[in-house]
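Here are some exercises to work through with the model open beside you. Try each task yourself before reading its solution.

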Amino acid sequence: MTADYLLMKLPLREHCKNMRKVLKYAHGLDRCYFPAMGASLLLKVSVPYMELMLSAYILDGISTHTGIREMLTVITASVVVIMLVQFLSQAIFHRMEVHREQMYCLYGCETQTKMLEMDYSRIDSPKVKELKDRIRKDNNWGAGINGVFWSFNGAMENLFHLIGAAVVGLPAAGYLLRSGTAVVWSLLAVLMIVQVTAVCLRMHFRRQGDCWRYHEADTVEEKEETLCFAWDFAGQESYNYKNGKDIRTYGGYGLMERWTTEVLRHKGFRNAMVRAARNDAGEEFFGAAAGAAANGGAYLIIVAVALAGTITVGNVVRLAGAFSRFLEAAAGTLQDVSRLAMAARQQMSTLALIHMENEMYQGRLPVEKRSDGAYRIAFRNVSFKYPGAERYALKNVSLELVVGEKLAIVGMNGSGKTTMIKLLCRLYDPQEGEILLNGVDIRKYKQEEYSRLFSVVFQDFMLYPFPLAQNVAVSGSYDSGLVRKCLEDADFGERLASMEKGLETYLYKDYEDEGIEISGGEAQKIAIARAIYKEAPFILLDEPTAALDPLAEYEIYSNFDRITGTKTAVYISHRLSSCRFCEKIAVFHEGELVQLGSHKELVADRSGKYYELWSAQAQYYGG
Amino acid sequence: MESQDRRQELKHNTITSDIRFYIRYYKRYEPFVLVFCGIEIILGALLPLFMIYLPKIAIDLVEQKAPVGHSLLVLGGFGTLSMLVCGVKKSVEAGKYNLYNTQRTNLMGMFFLKSLRLGYADQESGEIKKLYWKVYDAIWGGDWCSVSLMVNGTVNLCVNALSFLLYSTVLAYLSVPVFAVLLVLALINYGISMRHIRYEESLREKKAQAQKHFQCVENAMGNVYGAKDIRIYGMKDWMTGLRDQTLRELRKLAELSKKKDAFYERAGLVLSAARNLGAYAYLLYQTRAGSVSVGEFVLYFGAVTGFSGFVNSMMSSLAILRGAANGTDYIRAYLELPEENRKSGSRHIDRLTLPPEITFQHVGFSYKNTEEGDKTVFWDLNLTIHAGEKLALVGVNGAGKTTLVKLLCGMYEPDEGRILINGIDRNEFPREEWYQLFSIVFQETLILPFTVGENLAMDRVERVDEERAWTALEQAGLKETFQEQGIDMQSYMTKLMTEDGIELSGGQKQRFLLARALYKNAPVMVLDEPTAALDPIAESEVYDHYSQFSQEKTAVFISHRLASTKFSDRIIMMEDGGIVEMGTHEELMDAGSAYARMFEMQSSYYCEENRSG
């Protein structure tokens with residue numbers, strides 16, 4: 001990845017492409033937003049010009065002694081019209097604000113929604129990680145998609161101003177040409193020079209500011225000088241109040257201080273901060289000065305014209321007002337477009353993720369529905385490496401899952417047990433070999449239907465802060481009786497009975513303050529209930545008792561047959577005693593299937609891996 | 001505990017008191033913020049005057065047919081001055097923005113460090129934890145957090161109040177009755193704005209709730225750890241359904257709020273149309289009467305329009321301050337929480353004979369304010385851990401093992417009874433020194449994004465003893481792995497600092513934390529489920545080494561794997577907050593009660609095999 005990615009020069013064509021892309025996407029989210037906003041802005045922009053014309057009319061009326069009654073009629077009519085235009089403009093605007101907020105939320109969670117449907121194998125892939133990292137960096141500054149809305153709306157508004165000012169101020173051009181003295185022309189030249197210089201200087205400081213903002217510290221030295229973990233520790237990923245125990249007993253306070261408040265006093269950090277302040281101050285100074293110069297300059301020139309020739313007071317106000325607005329809008333347009341370009345560029349990573357296509361082959365074969373659960377699955381010489389990894393996680397594995405059989409998988413950490421489960425549910429496709437369901441490569445089946453065959457409790461299963469019943473049924477609508485029964489089968493019945501809101505109880509406190517905290521063991525039971533509720537013909541359990549105490553573990557073991565029933569079951573555990581529930585045991589070592597057989601057969605082989613694992617644990621119980 | 005009683009009455013400070021809090025804070029950490037704010041207020045108040053005087057001066061010059069040179073001089077000078085004022089105001093504002101935000105980071109750091117200076121029981125207690133997250137939100141959240149809103153809101157309020165006064169002077173010159181009418185209009189406007197603000201405030205809680213719900217679903221969808229479950233169980237429809245439901249919730253609230261926005265804004269527009277109409281008519285008559293010049297007409301009209309603008313802005317600044325003050329109250333309340341006294345104590349641990357003997361004498365302890373009210377764990381716990389003894393703590397989940405450990409190491413204080421070390425009450429020692437007595441491996445794993453050395457020593461890099469660190473890694477069985485991968489003490493852990501940062505597997509993490517405990521080499525060693533993530537071989541390795549690295553230490557071992565009890569001098573079997581059995585493995589097995597049943601349950605499958613094989 002290149003450092004300072006957002007600072008690299010981009011040809012204009014690319015910028016245009018980015019802007020078109022992001023605007024098109026935003027427009028696709030809500031087709032009425034941009035047209036309606038355009039109308040609202042057009043109405044809004046017309047107001048100051050109407051007011052300007054009204055002022056000019058009044059001032060001229062005063063000088064020409066127009067009848068007061070006539071003037072009051074015109075004034076009243078104008079004020080009412082202006083008010084009505086404002087009514088209309090703001091009515092549309094407020095309605096569109098609701099739309100914008102919705103779009104903001106919807107767009108904001110598009111990347112998360114994408115996680116629901118992306119190939120599992122890609123979620124953890126270096127490419128997606130890099131993209132997510134990019135998205136995080138791109139959204140470090142700026143207002144995300146709101147930045148696009150705001151700068152685009154700003155550009156529209158300024159463009160309307162240009163038109164409005166041109167229409168209202170066009171007569172000025174005539175006056176200028178007719179009675180433009182040398183003084184007037186030279187004033188105009190000076191004003192233009194001032195304007196252009198100010199805009200250039202402003203752009204310069206903006207660029208400098210960007211260099212600071214979008215600079216990505218990439219050397220460790222630089223990071224040590226400038227990376228402050230205050231935000232991270234206080235509340236983001238790295239935070240957990242439970243860590244307070246370690247920090248207290250190990251006396252880590254000084255270390256935490258060094259990486260939070262102390263970094264801010266480092267020379268590197270202070271310099272960077274002062275530089276940032278200076279750049280922003282420069283940008284703002286010249287921006288504001290250009291605006292004031294446009295205003296003052298416009299009056300200066302129009303007054304000079306007025307003094308040289310004949311021009312009414314009303315026209316002085318009207319033309320100076322239009323002229324200064326024109327200059328401001330020109331600078332404003334430039335700025336909004338450049339902001340839009342940057343905002344659009346910052347969205348490219350998000351769009352790239354949203355538009356990322358799945359690569360896994362999608363079969364179309366339906367999975368035959370069988371009430372007898374007679375599905376046979378076979379691994380044929382399967383080899384697999386994780387994306388970006390060099391080492392094989394599984395090597396040349398051949399294995400058959402016989403209908404109704406209970407299979408245990410054992411092995412050391414990193415021997416490929418969990419990987420085998422992941423391949424079995426087709427979270428990944430193997431690089432070599434194939435996995436067959438009833439003799440047909442599983443890739444040829446519809447993924448959705450194939451997934452229905454499995455109930456899995458992963459080691460790192462996930463429960464969500466939504467109602468208990470929804471967690472079990474993974475749906476907003478469910479069969480309460482069945483959910484209750486599944487929870488009871490998973491030995492959660494007692495706790496359920498103690499819950500005031502029963503199945504409607506929210507888990508954790510993230511969504512609902514009234515939610516309940518559950519222990520690791522309880523969570524495991526709920527996850528098991530979820531697996532039971534699914535009623536899939538295959539049930540796969542990966543270390544389902546790790547968080548349980550011996551009694552609870554025993555309960556689960558005893559219920560094991562009841563939970564799995566006649567289903568085909570695969571069971572992974574570090575506690576080899578649990579394998580004895582299974583007819584067959586597969587021993588994995590360094591990605592290979594090294595032994596397969598019943599406990600009796602395997603333990604008899606004194607030189608085998610199984611014996612080694614078994615005796616490592618059994619020696620302590622030999623008493 | 002006492003801190004909870006205090007919490008119920010969270011002080012609601014006045015807005016001025018909150019503003020004074022920030023003045024004190026910035027005076028201490030970045031006085032330039034205050035200087036910049038001051039300049040911004042003065043220039044910001046002057047700026048609108050330039051805007052209304054410019055047209056007046058221009059018209060006057062044209063009306064008086066002033067000489068060109070003179071006109072250019074006046075207008076040019078005036079224009080240049082306004083340019084400077086405008087530019088300086090904006091650049092000062094930008095400077096202020098950068099500086100106050102840097103100090104906002106500092107405030108976040110201070111707040112985090114403060115949480116570590118509290119007693120752990122306080123940090124963990126429900127009320128203070130809730131307060132913690134409120135404070136976090138008040139500092140986090142960029143331009144919309146309480147700190148930013150308070151700083152900017154205060155400046156804006158001052159700018160507008162000052163402008164209001166300046167314009168009042170200009171208008172009072174025109175006519176006192178007119179000024180009075182405008183003041184009345186401003187008051188009406190004030191009334192309307194207040195209603196609007198109150199309505200917004202009534203929605204705030206609901207909006208925050210809806211926002212929280214939406215974010216919660218967003219996080220659930222985006223959490224990659226759940227991606228497997230999402231696919232296998234086909235949760236996509238469930239999740240997107242919840243997403244749409246929360247979006248609807250947000251939409252409903254936005255519609256309510258925007259409808260009111262539009263309504264109140266319309267009222268304001270009607271008011272200003274009436275005001276404009278009145279001003280035009282009045283000024284028109286005045287000009288006709290000759291008491292107001294054309295130039296003054298423009299000036300006064302500008303002043304009339306601007307005047308109510310300031311009232312509006314003042315109101316919205318005030319509304320912002322009212323909303324933000326809450327957050328600031330949270331910040332102040334948290335920073336004022338009483339801290340754990342770690343320094344004072346009349347005795348010192350270096351005078352003790354080590355390893356120590358630790359005694360729990362009639363210890364009672366309960367968790368306060370949990371979901372089910374107060375939850376008593378211990379009523380009357382008596383236990384002596386002898387010097388150099390290896391103790392095993394067993395029992396089902398919830399029996400109180402981990403609570404016992406937290407009491408032991410000083411995370412909790414007993415409600416009743418005492419904890420003694422070599423017969424002396426532990427509270428006679430500075431808490432800081434008490435902490436030094438323990439090397440603990442807790443269940444949760446904490447790996448900081450710093451170097452290996454810093455993680456092992458939990459201290460600044462310059463204080464890491466490398467040799468000791470390598471020994472500790474070796475004892476924990478990680479040295480070889482680290483050396484193979486070319487990892488040294490300066491290598492960073494996690495990917496935060498460098499892209500090739502070290503990421504450990506679950507089992508490696510447990511070994512690493514064991515190494516950290518060994519590095520500390522404290523006289524009391526406590527291991528809470530240190531092998532849960534290890535495979536059988538690694539587990540038995542840890543067991544083998546245990547007796548070696550717990551030599552000449554008082555040690556406590558907690559595990560669900562009862563095998564670990566075999567190499568302990570004594571086993572404590574806990575149940576519902578009490579000790580039900582105590583003795584060596586053999587004694588307890590002979591007694592044949594709870595422990596024996598538990599052990600047999602776990603070992604039956606292994607033993608059976610041993611008997612038959």
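**Exercise 1. A glycine and its contacts**

Which residues does B:Gly234 touch, not counting residues up to four places away in sequence?

Before the solution, a word on conventions. Residues are numbered from 1 along each chain as its sequence is written, while chains are lettered from A and ligands numbered from 1 in the order in which they are written. This is a predicted model, in which local features need pLDDT of at least 70, side-chain atom pairs count only at pLDDT 80 or more, and totals for chains, interfaces and linings use all residues.

*Solution.* 
- Step 1: find B:Gly234 in the loop between α9 (227-232) and α10 (236-289) of chain B. Helices (H or I, at least four residues) and strands (E, at least two) are DSSP runs, numbered from the N terminus.
- Step 2: apply the contact rule, which asks that C-beta atoms, placed from the backbone, lie within 7 Å. B:Gly234 touches A:Glu448 and A:Ser451.
- Step 3: check its surroundings. B:Gly234 has 15 other C-beta atoms within 10 Å, so it counts as partly exposed. On this scale, 20 or more such atoms within 10 Å make a residue buried, 12 or fewer make it exposed, and partly exposed is in between.

**Exercise 2. The interface**

Describe the side of chain B that touches chain A.

*Solution.* 
- Step 1: count the residues. Chain B puts 137 residues in contact with 139 residues of chain A.
- Step 2: look for the main contributor. Helix α4 (residues 68-117) of chain B gives the most to this side, with 30 residues.
- Step 3: sort by class. This side of chain B holds 76 nonpolar, 32 polar and 29 charged residues. Here Ala, Val, Leu, Ile, Met, Phe, Trp, Tyr, Cys and Pro count as nonpolar, Asp, Glu, Lys and Arg as charged, and the others, Gly among them, as polar.
- Step 4: note the predictor's scores for the complex, an ipTM of 0.90 and a pTM of 0.88.

**Exercise 3. Two sets of strands**

Trace the antiparallel sheet of chain A, then the strands around β7 of chain B.

*Solution.* 
- Step 1: in chain A, 4 strands make an open, antiparallel sheet in the order β2-β1-β4-β5. β2 (394-401) and β5 (440-441) are at the edges with a single partner strand each, so one side of each has no neighbour in the sheet. Pairing requires at least two bridges found by DSSP.
- Step 2: inside that sheet, β1 (residues 377-384) and β4 (residues 432-437) of chain A share 5 bridges. A:Arg380 stands opposite A:Glu434 in β4(A).
- Step 3: in chain B, β7 (residues 524-528) pairs in the parallel sense with β6 (residues 438-441) over 4 bridges, and with β8 (residues 554-558) over 5 bridges, also parallel. B:Phe438 has B:Val524 as its bridge partner, and B:Leu527 stands opposite B:Phe557.
- Step 4: check how covered β7(B) is: 4 of its 5 residues are buried.

**Exercise 4. Confidence in chain B**

Where in chain B is confidence lowest, and where is it highest?

*Solution.* 
- Step 1: start with the average. Mean pLDDT, the predictor's confidence in each residue from 0 to 100, is 88 for chain B, and 96% of its residues reach 70 or more.
- Step 2: compare elements. Helix α1 (residues 2-8) of chain B is lowest, at a mean of 43, and helix α2 (residues 15-29) of chain B is highest, at 95.
- Step 3: In chain B, pLDDT stays under 50 over residues 1-8 and over residues 609-613. Where pLDDT is low, the predicted coordinates should not be read in detail.

Technical notes. Contact = placed C-beta atoms within 7 Å.
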